[in-house]
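Trainee: I would like to learn how to read a structure like this one. Could you take me through it, feature by feature?

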Amino acid sequence: MAAGAQAPAPAWLPPTESPLPMPGQSLREGRLAPQRPATSPRRIAARRALVVGTTALLTAAAAMGMLQVLRIGGLSLLDGVLLVLFVLLFAWIALSCVSAVVGFFVLLGGRGDALGIERDGPLPALGARTALLMPTYHEDPARIMAGLQAVYESVATTGQLHAFDFFVLSDSRREDIAAAEVAEFAALLARTGGHGRLFYRRRTDNRGRKAGNIGEWVQRFGGAYPQMLILDADSVMSGATLVRLAAALERNPGVGAIQTLPRVVNGQTLFARMQQFGGHVYGPVIARGVTWWHGSEGNYWGHNAMLRTRAFAAHAGLPELPGRQPFGGHVLSHDFVEAALMRRGGWAIHLVPDLDGSYEEGPPSLTDLLVRDRRWCQGNLQHGKVVGSAGLHWVSRTHMLVGIGHYFTAPMWAMLMLVGLAIPLYHAAPAWDGFRLPGFSPLAYWRAADAQRVAWLFAATMGVLFLPKVLGYLAMLADPAARRGAGGAVRAFAGVLIESVLAALMAPIVMYRQSRGVAEVLAGRDSGWEAQRRDDGSVPLSGLVRSYAGLSLFGVFMGALAWAVSPGLALWMLPVVAGMVLAIPTVWITSARTPGRWLRRHRILCIPEELDPPPVLGRAAELRAQQAG
C-alpha cells in the first residue's frame, strides 16, 4: 500500500446495492409546488392569521406604549435605537407566547393528530421496508451499540422486525475509535443474531459531515427502502413508536417527513435535569402550539423522524454554498434546509408531539451546551444565504429566520440594556461630580418619564416572557400522569422555581457566549466539527477558570464601576452582573451529579421516565451498565 494511503473501511453491508439518485438542488431556481398537501389542517390560513395577527397586535400596543414614554422629552437617535430594539425583541417573545397560549388550549382540548396516529391500541401491519440509520462520529462505540440493541430488541417485540433494517454509518476519522466500532458491532451481531438485518459502514471520505453521510447511504442503498429514520448517537426509540410512524407514512402518501418530539432523558447532573424537566413541563404547550399553526409546513430536526426516502432523495440534495467558510461550503444546519426543500417539492412535513416513545439525551453541562451551541450558531447564521432561495414556502422561511434570530437576540438584549442606560446617562451629564453621579438611577429616570406606562410595559414584557412557563405548569397539573411524573404539584412547583432561578443566573453567560459566537462567525471563524461529550458533565476547576474567569472578573469590574458611579446604576446592572460574577460557581454546581442525585431522591426536577422507565430505556440502561462493568 502506498505511503499515506488509507486502509479500506470495514463494512458489513447488504450483498447488493440499490442506488437512488440524489441530485443537488438549486437555491436560485425553483417553484413551490402548487398543490396544497392533503394532510394540511382545515382553515390553516385562519390559524396563521390568528397567531401572526395577535403577535402583531401585542407588539403594536407595546410599541405605542414605548413611543409615548420616549417622546416625552423629544425623540433622539438613542431613543430611536431603543424603540427599534424593543419592538423586535418584544415581537420575538410575543410570537412564542401566543404559540404557547394556543398550545395550552389545544392540549386541554385533547385534539387528535391530523395523521391519524394512535398512541395506544393494536399496532398496524407494515407493508414497506424501513431503514434505521445511526450516523456516528467519534462517539463511544459501546454506548451507541447498546442503545441500538435496545431499539432492535424493542422492534422485535412488535413482531414486525422483518420490516426494519439497521445501519450504523461511521464518519470517524480516528483509527482507535474506528477499530472499537468494528469490535463492538461484531459483538452486537453476536448478541442479537442480527446478521442480514444489522449493517455497518465506515466512509473513507467524510465530506459533507452528517448530511453527506446520509446522502451517500441514500445514493447507494436508498432504492430498497421506501422509508428511513435517522437516529442520533444518543437517540432511543421504542419499537411500537417506530411501527406507528412507518404505518403513518404508508397511510399518508403525500407526507415526506414525520418529526417526533423527543423527550430528554437520563439526566444525572443538575443542568441536565433542568433541561429534561423543562422539556416535560414547558415542551408540550410550545410543541402543540407550533404544530397547530405550522400544519403541513413543519420542521425537521435531523433525528427521530420518519422520512420518505424518494422524497428526501429527490428534493433534499444540498448544494455547496458559495463563498468561504464559515458562510460558504457545505450546509451545517442541514435539517431545516432539507425540510424547506422537501416542502418546496410538494411534500408535507409534520410534527407529531402527541406520540410517546421517542427519546434523546441532553448535554450534561452548560459548557457542553455552549460548545454545541457555537456550531449551531454558525449553521443557523449560514441560513442567511438560504432563506431567500427561490420557491420556498413562507413558513419554511420563518423557521430559518427564527433560527437566525435566536442568536441575534442575545446581542440585541445586551444592546437594549446598554441603550436603556445610555439615555439617562446622557440626560444626567450636567450632574456629574467628578467620576460620580450622586443619586443617579436609571430606574428612577424611567419611572419619572412616565411611571404608570413604564410599569405597564415592564409587566407586559415579563408576562409575555414567563406566561409559557405558567401555562406549561398549569397544563401539567391538568394531566394526572404528567403531574405524578413530575413529583406532584408541590414538587413540580419547586422544580419550576429552581429551574427559573438557575436559568436567570445562566442567562448572562449564555448571552455573552452567543454574542461572542455571532461576532466570531461574522469575523469568519469556523466552528470545526467536534464530537459531543455525553459523560457525567464534570468539569475540573482549572477548566472552569479558563472558560469563565475572564467573564467573572469583567462582571466584578463592571459591578464595582457601577457602584462607584451610583448605587442606582449598580441596581440597574445587578441581574446581568450577578450572573457574570457567579459564572464559575453556577456552572460548577449545575455540572455536578451530587445535587442532581439529591433532587432526584426528593423527586424534584423529576420526569415520568425516571419514576416508571419505559422498557426500551430500561433495556438501554441495562446494556450500557453491562458494557461499563
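Trainee: How many disulfides does the rule find here?

Mentor: A disulfide is a pair of cysteine sulfur atoms within 2.5 Å. By that rule the count is zero disulfides. Before we go on, this is a predicted model: local features need pLDDT of at least 70, side-chain atom pairs count only at pLDDT 80 or more, and totals for chains, interfaces and linings use all residues. Residues are numbered from 1 along each chain as its sequence is written, and side-chain values use heavy atoms, with hydrogens and water left out.

Trainee: Is Cys97 buried or exposed?

Mentor: Buried means under 20% relative accessible area, exposed over 50%, and partly exposed in between, with a 1.4 Å probe and protein chains only. Cys97 has 5% relative accessibility, so Cys97 counts as buried. Cys606 is buried too, at 1%.

Trainee: How do I read a pair of aromatic rings?

Mentor: A pair of aromatic rings is described by the distance of the centres and the angle of the planes. Rings of Phe, Tyr and Trp (its six-membered ring) pair if their centres lie within 6.5 Å; planes under 30 degrees apart count as stacked, over 60 as edge-to-face and the rest as tilted. The count here comes to 13 aromatic pairs. Take Phe167 and Trp217: their ring centres are 5.4 Å apart and their planes stand at 70°, so this pair is edge-to-face.

Trainee: Where do Phe167 and Trp217 lie?

Mentor: Helices (H or I, at least four residues) and strands (E, at least two) are DSSP runs, numbered from the N terminus. Phe167 is in strand β3 (residues 164-170) and Trp217 in helix α5 (residues 209-221), so the pair ties together parts 50 residues apart in sequence. Phe167 is buried at 1% relative accessible area, and Trp217 is buried at 0%. Ring pairs also link Phe167, Phe199, Trp217, Phe221 and Tyr225 into a cluster.

Trainee: What should I look for in the backbone angles?

Mentor: Most residues other than glycine have a negative phi, and most peptide bonds are trans. Arg43 has a positive phi, near 55°, and sits in the loop between β1 (11-12) and α1 (44-70). His138 also has a phi near 55°; its loop runs between β2 (130-136) and α3 (141-157). Arg43 is exposed at 58% relative accessibility, whereas His138 is buried at 19%.

Trainee: How many cavities does the search find?

Mentor: On a 1 Å grid over the protein atoms alone, a cavity is a set of points where a 1.4 Å probe fits but cannot get out, and lining residues have an atom within 4 Å of a point. Grid points are joined across faces, edges and corners, and a volume is the space filled by probe spheres set on the points. The whole structure has two cavities of 30 Å³ or more. The largest has a volume of about 40 Å³, and its lining includes Arg209, His330 and Asp526. The second largest cavity has about 30 Å³, with Lys210, Tyr300 and Glu338 among its lining residues.

Trainee: Which element gives the most to the lining of the second largest cavity?

Mentor: That is α5, with three residues.

Trainee: What is Ser552 in contact with?

Mentor: Contact means heavy atoms within 4.5 Å. Leaving aside neighbours within four places in sequence, Ser552 is in contact with Met580, Val581, Ala583 and Ile584. Ser552 belongs to helix α16 (residues 541-565) and is buried, with 9% relative accessible area.

How values were computed: 1 Å grid on protein atoms, 1.4 Å probe; cavity = no way out; pocket = protein on both sides within 12 Å on 5 of 7 lines; lining within 4 Å.
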